[in-house]
Structure formats: structure tokens, C-alpha cells
Amino acid sequence: MNWDDNIIDAAATDTGMRRSNNQDSYTTVRASHEEAWRQRGHVFIVADGMGAHAVGELASKMACDLIPHNYMKARSGTPSEAIVKAFREVSALIHSRALANRDFQGMGTTCSSLLLLPAGALVAHVGDSRVYRMRGDRIDQLSFDHSLVWELVRRNHLTSEQAAHSVPKNVITRSLGPEIEIEVDVEGPLAVELGDVYLLCSDGLSGPVTDHEIGAFAANFHPRDCTRYLMNLANLRGGLDNITVLVVRIGEWIDPDSSEVLTQPPTEKTIGTIARSTDGARA
């Protein structure tokens, strides 16, 4: 990637049709100058909290506020090392917060991040919030769900079809907070091409909406419209959970109906916070 590549991003979030509050969070942190970008790039994060009352909201907000901060201020280490360190530091903080207050028992959050760097795209993640890439007519999931369903399929204990009908989808095997030490998966850096579209989302979107549908919307609509359409589609299919979607397009967008080039000037930092209530179980 180059510093002056045009990047268009947009995000949308909704409580859904069944939840009384939201416990998701998202953040976008653009490097403020070229040197900062060369060192740490641009950061995009979606987190999906869990815990009773407002505990999950606090956990996901801590992830989205503190992980970029800790990552950006790191003075040593590669981007991969710095983002893993930031994940672990924040997981320990969430864990300590939960131990200090009985009302915070079960506090935790998933967290999936996308870093856009000179060397390419780097994905770091814990939990089942997802990162996708659309390139041409192909969609690839760049993250891997840390869930009971995916673990059983990965270990060849069940087929995808068997797991879908016999294993609860709300059981995750890894998240920030419940344990002091956490394993963070890192993918990349992966080559970035002009026209690539990246999409980060909570399971409130990836549950009711198929990968094929996500890819079709992301590839054919401006990020601003794509996020709104996908959020509405998830709600039309029941909106059983909070819904968060963040879309990042590399390059200009040309509206097919008007041939007008639409661009979006970079912003230094945009933070949106949403919430979810789960009593420690995932829906």
C-alpha cells in the first residue's frame, strides 16, 4: 500500500430487534501523518461484548478505546508484535476489572482488527467477530471463529452441516477478559490490491446473512450504503442480536448510475460504541 491511496470507510450499528441494549463497539483510527502510517498504519476494529447488564458494553468499549491506543504508542516491535501485545494488555485489564467487582463477573469481549500497513493488510482477532475480504467476485474470511462449532469442524469431529444442526452457535472458545493470558491469532500481512473491500462485523450480521450476500453488497455498493443495507437485512431476518458492520474500500468509488467518483477524506479517529446483553452466553 501507499500513504496516499484513497481509503473509504463507513460503519453502521443497531441494537437489533430482540435486545434491549447494545454491547458491540467499533472504532476507526487513521494515522495522522505519513510517518505514523509507515510505523503502525490505519486501524479498524469491531468488538462484541458479553456479560450481564452493561458489563459487555464496557468490555467492548475498553477493547476499542485501549487497543488502538496501546498499539499506536508502542515504540518497539513489528506491527504484528505490537498488536498482539495490545490485545493481551487490554485482556488483562478487562480481567482485573471483572475481579474487582462482583457485578462484572463474566465480563469479556470478542475483538477483530484490521491493520492497513505499507506491507499489506494484517488481521488480529480473538473470538467470532469476523474480517472478510472481497476481491473481484470472490469473498474470503480472513479470520477464524473461536467458537465450539468451528473447533469441532476444524478438528474433523463433525462436518459443517452436522455442527450447524447439533452444536449451539453461541458458545465461543476464546475472548478477551475471562483469562489473564490470551492467545491472539494473526493473519498476514496480506497483499492489498486496488478495489479490495474489507468488512468487519459482529455475529449479529454473519449469523443471519450469508457470506455470498455479504460479498455481493460489499462489492457493489458504496461502503456507506453497504453498511446500512446489510444492517437492515439482518434486522429483516429477525435481528436476534446486535448488529455491527464496518466496511473499508481501497480506491475510489464510481457510482454505476452516475459515473461520479465519490471519495471520503480521511478522519483521524472515529469511534462508535454499541452494546449487547448476553449473561456470558453468545447468541
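A disulfide is a pair of cysteine sulfur atoms within 2.5 Å. By that rule, this predicted model has 0 disulfides. Salt bridges, on the other hand, come to 16.

**Cysteines**
- The closest cysteine sulfur to that of Cys-111 belongs to Cys-64, and because the two are 5.9 Å apart, they are too far from each other for a bond.
- Cys-111 has a relative accessible area of 0%, so it is buried.
- Cys-201 is likewise buried, at a relative accessible area of 0%.

**Helices α2 and α3**
- Helix α2 covers residues 55-73, and it packs against α3 at an angle of about 145 degrees, the axes being 9 Å apart.
- The two helices make a right-handed crossing.
- On the α2 side, the contact includes Leu-58, Met-62, Leu-66 and Tyr-71, while α3 brings in residues including Ile-83, Phe-87, Val-90 and Arg-97.
- Sorted by class, this α2 and α3 contact holds 15 nonpolar, 1 polar and 2 charged residues.

**His-95**
- Helix α3, which spans residues 79-100, also contains His-95.
- His-95 counts as buried because its relative accessibility is 14%, under the 20% cut-off.
- Setting aside neighbours within four places in sequence, His-95 touches Gly-177, Pro-178, Glu-179 and Ile-180.

**Salt bridges across the chain**
- Arg-30 and Asp-9 join their side chains in a salt bridge, at 2.6 Å from N to O.
- This pair ties together distant parts of the chain, 21 residues apart: Asp-9 sits in strand β1 (residues 7-14), and Arg-30 in the loop between β2 (22-29) and α1 (34-40).
- Both Arg-30 and Asp-9 are buried.
- Another salt bridge pairs Glu-193 with Arg-135, whose closest N and O atoms are 3.6 Å apart.
- Glu-193 is partly exposed at 41% relative accessibility, and Arg-135 is partly exposed at 23%.

- The side chains of Arg-224 and Asp-225 form a salt bridge, at 4.0 Å from N to O.
- Arg-224 is partly exposed, with a relative accessible area of 46%, whereas Asp-225 is buried at 18%.
- Arg-130, Asp-145 and Asp-211 belong to one network, joined by salt bridges that share partners.

Key. Residues numbered from 1 in each chain as written. Predicted model: local features only at pLDDT ≥ 70, side-chain atom pairs only at ≥ 80, totals over all residues. Heavy atoms only, no water. Buried < 20%, exposed > 50% of the residue type's maximum accessible area, 1.4 Å probe, protein only. Helix = DSSP H or I, 4+ residues; strand = E, 2+ residues; numbered from the N terminus. Contact = heavy atoms within 4.5 Å. Axes fitted to C-alpha atoms, helices over the stretch in contact; angles between N-to-C directions. Left-handed = near helix turned anticlockwise from the far one by under 90°. Nonpolar A, V, L, I, M, F, W, Y, C, P; charged D, E, K, R; others polar.
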